Amino acid sequence: MEVPTRIPTPRPLTLALPKGRMLPEVADLCVRAGIAAARPLATGEEPPALLLDDADAGVRLLLVRPGDVWSYVAFGGADLGITGKDVLEEMAGPTPPGWLDAPAAVELADLGVGACRMAVAGPAAGAATWPWRRHQPGRLRVATKYPRCARRALGGGPVEVEVIPLAGSVELAPLAGLADVIVDLVATGRTLRTHGLVEYEVLFPSTARLIANEASLRLREEAVLPLVERLEAAARQGAGRGGERACAG
Ligand SMILES: Nc1ncnc2c1ncn2[C@@H]1O[C@H](COP(=O)(O)OP(=O)(O)OP(=O)(O)O)[C@@H](O)[C@H]1O
Ligand SMILES: O=P(O)(O)OC[C@H]1O[C@H](OP(=O)(O)OP(=O)(O)O)[C@H](O)[C@@H]1O
């Protein structure tokens, strides 16, 4: 009996893309990588559907929330995905109790688009004392959409970090007396300024990353790698055209 060396191909090569603010830039990269079906997504209009097949490119696109791209890729719903480094940092680390234990998604490339930074911010009055406060015994209430990043960056020292999880409008938390500081993404800094907040500390810069399902990389290599190469080439071309956005404030 012949021993199969590859699993049967159950579906087209599947790429999970982030809906929302990054989609137009990411879709533009995909178009330049030969995925014509991504063209309507580059306009900023509402996507026509959540699943788009590109028969010519042999690629299926799934449109999911940026925070869900990692799950689609890690759990095998997509072979490849594009999402922010912020999402990958938040998903990094031990699997929380009760979660399906997923093999890690592999980070393959920095695509340059969607630049922003993860920062600690708070009221202007607290900026001067932040470097000291951060390392003092006592409690620090942190409002954030990124509880694991916040804990990893600020915990582990003498200060006791109390995370208040929020899903958005994080800048309101210090104004409402809910938290001392926030950990959130900053790009232009406009939202902070509008609410009288300042950046205390940058935790890490973030740009869109290409990630792969670990098994797809091994078992569908001939299909996966050419697309990876085309996306990387499109990203380099984009950077050359001035497509790389500065993430420093
Ligand atoms: N100024 C910014 N603020 C927030 N995210 C940004 C910014 N600039 C780039 N990004 C990237 O865009 C992603 C968030 O996109 P978007 O704001 O459309 O989704 P979201 O509403 O935060 O996500 P979800 O729908 O899952 O709640 C981030 O993960 C980050 O990588
Ligand atoms: O530095 P800026 O250019 O102002 O961008 C940063 C803001 O954008 C994001 O919020 P978003 O618009 O996604 O809304 P949200 O608060 O509902 O998450 C982020 O959470 C900041 O609030």
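Two strands pair if DSSP finds at least two bridges between them. The views below show a predicted model.

**View 1. Five strands form an open sheet.** The strand order is E8-E7-E9-E6-E10. Pairing in this sheet is mixed. Strand E8 (159-165) and strand E10 (197-206) stand at the edges. Each has a single partner strand, so one side of each is left without a neighbour in the sheet. From one strand to the next, the twist averages 30°.

**View 2. Strands E7 and E9 run parallel.** Strand E7 covers residues 138-144, and strand E9 covers residues 181-186. Three bridges join them. Look for Ala143: its bridge partner in E9 is Ile182.

**View 3. Helix H5 packs on the sheet.** This helix spans residues 147-154. Helix H5 touches strand E6 (116-123), E7, E8, E9 and E10. The direction of H5 makes about 170° with that of E8.

**View 4. Domain 1 meets domain 2.** Domain 1 is assigned residues 13-115 + 207-240, and domain 2 is assigned 116-205. Their C-alpha centres lie 29 Å apart. Seven residues of domain 1 are in contact with eight residues of domain 2. On the domain 1 side, the touching residues are one nonpolar, three polar and three charged.

**View 5. Ligand 1 sits in a shell of 14 residues.** The closest are Gly20, Arg65, Gly84, Cys116 and Ala187. Helix H2 (66-74) and helix H3 (85-91) are the elements that give two or more residues to this shell. By class, the shell has six nonpolar, five polar and three charged residues. Domain 1 and domain 2 each supply at least three residues to the shell.

Definitions and conventions. Residues numbered from 1 in each chain as written. Chains lettered and ligands numbered in written order. Predicted model: local features only at pLDDT ≥ 70, side-chain atom pairs only at ≥ 80, totals over all residues. Near = placed C-beta within 6 Å. Helix = DSSP H or I, 4+ residues; strand = E, 2+ residues; numbered from the N terminus. Nonpolar A, V, L, I, M, F, W, Y, C, P; charged D, E, K, R; others polar. Domains from an automatic or database assignment. Contact = placed C-beta atoms within 7 Å. Axes fitted to C-alpha atoms, helices over the stretch in contact; angles between N-to-C directions.
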